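Here's a quick briefing on one protein model, grouped by topic. Have the viewer open while you read.

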Amino acid sequence: MFSYRHAFHAGNHADVLKHITLMATLRHLMLKEAGIHLIDTHAGAGLYRLDGDYAEKGGEAQDGIVKLMAAMRPTEGQPAESTPAIDDYLDLVADFNPSGSLRVYPGSPFVMHRLMREASRDRLKLFELHPTDGKTLSGNVAQLEAGRSITVAREDGFEGLRPMLPPPPGAGGSRRALVLIDPSYEIKSDYHRVSACIQESIKRFPTGCYLVWYPVIPRPEAHDLPRRLRTLSQQAQRPWLHATLAIGQRPDMEINERPGLTASGMFVINPPHTLKATLQASLPLLLKVLGRGRGQAQSVESGG
């Protein structure tokens with residue numbers, strides 16, 4: 001399980017989907033003044049160098065944030081059509097690259113930190129079990145000098161989440177939480193652990209907002225996960241939203257070449273009522289820019 005390093009995949013199309021969904025969700029939740037407890041069960045290193053060895057070896061950002069930024073924030077010519085949610089995401093990434101050159105990509109911990117509100121006393125809890133990434137994450141967070149508003153735990157996020165739900169009440173007495181669950185899925189048991197984690201979390205704190213990222217790959221567990229999450233949501237009588245983005249295979253791919261990850265999904269339990277329309281407007285434009293070959297698709301469905 002320690003072989004996975006998100007640095008190889010930082011800024012790819014899956015990150016684009018995940019972070020646009022995360023930001024659109026948080027923007028709506030933060031319209032209310034009450035503080036929110038933010039929890040990332042698999043935080044990774046937090047910040048990634050797109051010009052570093054890992055990212056350059058994978059090259060996945062080229063079919064993600066690099067292509068999207070070039071199309072919608074071109075140095076010359078007319079920018080591609082966009083939406084407020086996409087613009088919000090690109091603005092945030094650009095803030096991490098003040099020189100104008102796309103060298104740094106913020107992972108979910110830094111996306112959430114950037115949106116946190118000091119006046120509302122939002123809190124961020126990060127879990128990362130990987131020894132190297134956990135150490136890097138702690139170092140990156142320390143540079144923020146955020147004090148007690150952010151804490152890092154080098155432990156299993158599935159286990160660490162349990163005692164955090166329900167969250168303690170905020171200053172106004174309300175309990176609010178957003179939980180992002182996005183393991184590597186390098187081991188098949190992760191799929192079962194995600195569904196078990198969601199099942200228990202809904203029981204412990206039914207009104208929490210839960211976001212699950214997963215890869216769309218030809219594996220039974222990956223196919224069953226969104227269906228299982230939909231069933232759990234329906235049994236708990238909680239609203240849900242399911243979004244997928246498939247950029248398709250590279251046209252120049254060799255016959256025996258492995259295609260890599262071409263699609264991913266986000267499943268949100270207790271989504272903001274605005275999220276469906278936001279993604280329905282944004283995903284077709286993302287696909288128009290990032291789509292590259294056979295198998296392109298996008299979808300947004302909801303229920304509850």
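Does His 37 count as buried or exposed? At 18% relative accessibility, His 37 counts as buried, where buried means under 20% relative accessible area, exposed over 50% and partly exposed in between, with a 1.4 Å probe and protein chains only.

Some ground rules before the rest. This is a predicted model, in which local features need pLDDT of at least 70 and side-chain atom pairs count only at pLDDT 80 or more, while totals for chains, interfaces and linings use all residues. Residues are numbered from 1 along each chain as its sequence is written, and side-chain values use heavy atoms, with hydrogens and water left out.

**Around His 37**

- His 37 is in strand E1 (residues 37-40); strands (E, at least two residues) and helices (H or I, at least four) are DSSP runs, numbered from the N terminus.
- Not counting residues up to four places away in sequence, His 37 touches Arg 123, Pro 167, Pro 168, Arg 176, Ala 177 and Leu 178, where contact means heavy atoms within 4.5 Å.
- A polar atom of the His 37 side chain lies 3.4 Å from the backbone oxygen of Pro 168.

**H1 against H10**

- The axes of helix H1 (residues 13-29) and helix H10 (residues 275-290) come within 11 Å and cross at roughly 155°. Axes here are lines fitted to C-alpha atoms, for helices over the stretch in contact, and angles run from 0 to 180 degrees between N-to-C directions.
- On the H1 side the contact is made by His 13, Val 16, Leu 17, Ile 20, Thr 21, Ala 24 and Thr 25, and on the H10 side by Leu 275, Thr 278, Leu 279, Leu 283, Leu 286 and Leu 290.
- By class, that contact has nine nonpolar, four polar and no charged residues. Ala, Val, Leu, Ile, Met, Phe, Trp, Tyr, Cys and Pro count as nonpolar, Asp, Glu, Lys and Arg as charged, and the others, Gly among them, as polar.
- An α-helix has 3.6 residues a turn, so residues three or four places apart point the same way.

**H1 against H4**

- The axes of H1 and helix H4 (residues 84-95) come within 9 Å and cross at roughly 105°, so H1 and H4 are roughly perpendicular to each other.
- H1 brings Asp 15, Val 16, His 19, Ile 20, Met 23 and Arg 27 to this contact, and H4 brings Ala 85, Ile 86, Asp 88, Tyr 89 and Leu 92.
- The class count for H1 with H4 is seven nonpolar, one polar and three charged residues.

**Two buried residues with polar contacts**

- Tyr 214 sits in strand E7 (residues 209-215) and counts as buried at 3% relative accessibility.
- The side chain of Tyr 214 makes a polar contact of 2.6 Å with the side chain of His 242. A polar contact is a pair of N or O atoms within 3.5 Å; within protein, one must be able to donate a hydrogen and the other to accept it, and residues adjacent in sequence count only if both atoms are side-chain atoms.
- Leaving aside neighbours within four places in sequence, the contacts of Tyr 214 include Tyr 185, Ala 222, Thr 244 and Met 266.
- Asn 12 lies in the segment before H1 and is buried, with a relative accessible area of 3%.
- The side chains of Asn 12 and Glu 60 are joined by a polar contact of 2.8 Å.

- Most residues other than glycine have a negative phi, and most peptide bonds are trans.
- The peptide bond from Leu 165 to Pro 166 is cis, with omega near -5°; Pro 166 is in the loop between helix H7 (157-161) and strand E6 (177-181).
- Gln 237 has a positive phi, near 60°, and counts as exposed at 71% relative accessibility.
- Asn 270 also has a positive phi, about 60°, but Asn 270 is buried, with a relative accessible area of 10%.

Note on methods:
Parallel < 35°, antiparallel > 145°, perpendicular 65-115°, else oblique.
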